[in-house]
Every structure is written in C-alpha cells, then in structure tokens.
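Colleague: I would like to go through this model term by term. Please give the cut-off each time, then the value.

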Amino acid sequence: MVSTRAAKRSRTESEDAEPENTTRVAYTPSTDFWFEDGNIIIVAGNTGYRVHSSMLARHSSVFRDMLKLPPSDDEELEGNCPVVPLFDNAGDLERILSVFYDNIKDYDRNAPIPFAYIAAMLRLGKKYEIDHLLKEGMKHIRAMYPSSLSLWKSSSTRIQIDNQTIVQAINLAHELQLCRTLPTMYLSFIRRRGLAGLLAPHNELLNPVAVRRMMIGREKLILLLHKEHRSLKERLSVIMINVCTNLAKCMNHHVVAFESLGLWTTDAGRTTYLKRWANLNQPLCASCIKEFRTMFDGVREKVWKELPQLFTLGTWEDLRDDIEVA
Ligand SMILES: [Zn+2]
C-alpha cells in the first residue's frame, strides 16, 4: 500500500488545525534509507529519506552550512525531524546515500561502474559541494573521455557505456559544462551511431546543441581523413623509394598495407575512429614499417589536435571544465 506521511497526517488532524495554505511535503518513506534514529528527512521526488544530519554535514559543506542555520518559522517537522525537500532526482540521491552508508557496496571494486553512479557523483557532488565524490566522478569521466592523445591511447575505463548511456554522458557534460570531455564524447557517439544515430527519433532527448555540433563535426572529420588519405597515398611511392631498404620485397605490398592502416575506413556508415596502431599484416621491411607507423601517428596527432575545432569547440587550450578538482 502506498501511503504518504503527509496523507497520514492530514487524516489524523482536523481541518481547522491544518490551514489550507500550508504546503506539506508529500512523500513515501524510503525502504532502504529510513533510519529510526535519523534526525532529518530529506525528500527527493516522492520519496523521503530519514537520515542523520551529522552524516550529511560531514560530507557536504552545503549541508553543513544549512544545518547551522536556526530553524525557520515555517519549517516542517515530522516528529522532531525537519522535513527538507530537495529538488534532485531520487535515483541520484539514493546512489549517493548508498555511497555514504554502504561504502558503495552496490558495485564492487573491479566490476564495471554503471554510468548512473558517475552521473550522481558529479551532479550532487557539485551541487552539495561533496569534494570526494566530485573527485571520484571526475577521475572516471576523464579516464573515459580524456583530453590528451596519450591518455586516449592508454585509456582504460570501468564505466559501463552503451548506446543509451553515451546520450546521458553527453547531456551531463553539457549540463555541468564539462567541456574538455566533449570532443571525445562526440567522437565516441558518431563512431558508435553514425548519422543514423544522430537522426534517430529516440535521440530526441539528446542535447540539440550537441546534435548540431556532431553533424558538423562528423562531416569535417570525414573530409579531413579523406584529404589525409589522398595526399599520403599520392606521396606513397616517393616515400617508399626514399625509405625502403628492400623494394623487391615491399613494392607489391605497399598499397595493401597502406589501406589496412584503418584510419580511413568507414563501416556501416559510421565514421572512422582514432584507431590504435595494430601490427601490419604485410611482409614489409623494417624501414617501411617504421615509415607507416610515422604516417599513422602523424594523422592521429593531426586529427586529435583539430578534434575540438571539428566540433566547433575552439582549440583544446580554449576548453575548460566548470568543475576543477586537484
Ligand atoms: Zn620496404
């Protein structure tokens, strides 16, 4: 049975004692976070959480300051507990309470972290100034969407990302102004979803500014890679004559090896990704392999440098996150 505390109270008090203009916070007690010795009820969505004010103050400087204030005349009390409405998503709040009370037992240290946890850490960490959550959330999101090519090359992440969570990640980065994560988020989206993904009706919720930037960026990226492909291919024979130490061995394999670099492939309409170097499956001499690697790295570095500009974000140096953590 769903019953709200406010509804219970209104049934037990006479209408005279309950002036019509009193706004009551209606909520259903949480099944997970309702402690009998709690001394404050925070409400998000339609759920109330009876928790400990000392715990909130310990983690959050915003709560710490708020709890120092003397109670206001119209403060609502349930028993002796003040009832404080928060304008947060109940799921976000529960994830954060789970971090505080359960030491993040919902996910173990080695398993993939659901993106919803990262989002809750960042959103509520920023709003309530919970430094350690902000730091943890930023650490994960920057590892997933790095702003340097060396980190991108070595990036490994435990965040679980699928086609839907990439939409949530982009929207969150827009909401919190995490500008340095945007170029690789956009790149990841267009790699996964292509143009069809940008135009899909279920992406209505995707930030429209992001959609516009990705449409532009996708086209610019394809043009840039085609240009690089064409100009390097034209120079291929010249480069090889100057570099190759075993032309008889290499000459019949140059073109196949060049095409297999994979920087310019498009499959299923999805744009080329900044692929990692994979060993060439062609019998080339060591000098040629080295030259191919240099070409490969050169294209990647060029694309990386221009990545924010492709998405009309300015340069890497222009981009700042609105959350600065040490
Ligand atoms: Zn060679």
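Modeller: Start with burial: a residue is buried if 20 or more other C-beta atoms lie within 10 Å of its own, exposed if 12 or fewer, and partly exposed in between, with C-beta atoms placed from the backbone. Buried residues make up 28% of the 326 residues in the protein. This is a predicted model, where local features need pLDDT of at least 70, side-chain atom pairs count only at pLDDT 80 or more, and totals for chains, interfaces and linings use all residues. Numbering runs from 1 along each chain as its sequence is written.

Colleague: Why is asparagine 163 called partly exposed?

Modeller: Asparagine 163 has 13 C-beta neighbours inside 10 Å, so it counts as partly exposed. Its place is in helix α8 (residues 163–175). Helices (H or I, at least four residues) and strands (E, at least two) are DSSP runs, numbered from the N terminus.

Colleague: What is asparagine 163 in contact with, leaving aside its neighbours within four places in sequence?

Modeller: Contact requires C-beta atoms, placed from the backbone, within 7 Å. By that rule asparagine 163 is in contact with Arg192 and Arg193, leaving aside neighbours within four places in sequence. Serine 188 is 25 residues from asparagine 163 in sequence and 9.9 Å away in space, C-alpha to C-alpha.

Colleague: What makes histidine 59 partly exposed?

Modeller: Histidine 59 has 19 other C-beta atoms within 10 Å, and is therefore partly exposed. Helix α2 (residues 53–59) holds histidine 59. Leaving aside neighbours within four places in sequence, histidine 59 is in contact with Phe100 and Ile130. Tyrosine 128 is 69 residues from histidine 59 in sequence, yet 8.8 Å away in space, C-alpha to C-alpha.

Colleague: Why is β2 described as largely enclosed by the rest of the structure?

Modeller: 5 of the 5 residues of β2 are buried, so the strand is largely enclosed by the rest of the structure. Both faces are covered. Ile40, Ile42 and Ala44 are buried on one side, Ile41 and Val43 on the other.

Colleague: How do you know which strands β2 pairs with?

Modeller: Two strands pair if DSSP finds at least two bridges between them. β2 and β3 are joined by 5 bridges and run antiparallel. Valine 43 stands opposite glycine 48 in β3. These two strands form a hairpin with 2 residues between them, and glycine 45 in the turn has a positive phi of about 60 degrees. β2 and strand β5 (residues 81–85) are joined by 3 bridges and run parallel. Isoleucine 42 has valine 84 of β5 as its bridge partner.

Colleague: What makes β1 and β4 edge strands?

Modeller: The sheet is open, with 5 strands in the order β1-β3-β2-β5-β4 and mixed pairing. β1 (28–34) and β4 (77–78) each pair on one side only. β1 pairs with strand β3 (residues 47–51) in the parallel sense over 3 bridges. β4 pairs with β5 in the antiparallel sense over 2 bridges. Glutamate 78 stands opposite cysteine 81 in β5.

Colleague: Why are α9 and α10 called roughly perpendicular?

Modeller: Axes are lines fitted to C-alpha atoms, for helices over the stretch in contact, and angles run from 0 to 180 degrees between N-to-C directions. Angles under 35 degrees count as roughly parallel, over 145 as roughly antiparallel, 65 to 115 as roughly perpendicular and the rest as oblique. The axes of helix α9 (residues 182–199) and helix α10 (residues 208–243) come within 10 Å and cross at roughly 90 degrees. The two helices are therefore roughly perpendicular to each other. Among the contact residues are Tyr186 and Phe189 of α9 and Met214 and Met215 of α10.

Colleague: What makes a set of residues a nonpolar core?

Modeller: Its members are buried Ala, Val, Leu, Ile, Met, Phe, Trp, Tyr and Cys residues, joined through C-beta atoms within 7 Å. The largest such core has 56 residues, and those with the most contacts inside it include Ile42, Ile118, Leu122 and Tyr186. Helix α5 (residues 115–127) gives the most to this core, with 8 residues. Apart from it lies another core of 8 residues, among them Met240, Leu284, Cys288 and Phe292.

Conventions:
Contact = placed C-beta atoms within 7 Å.
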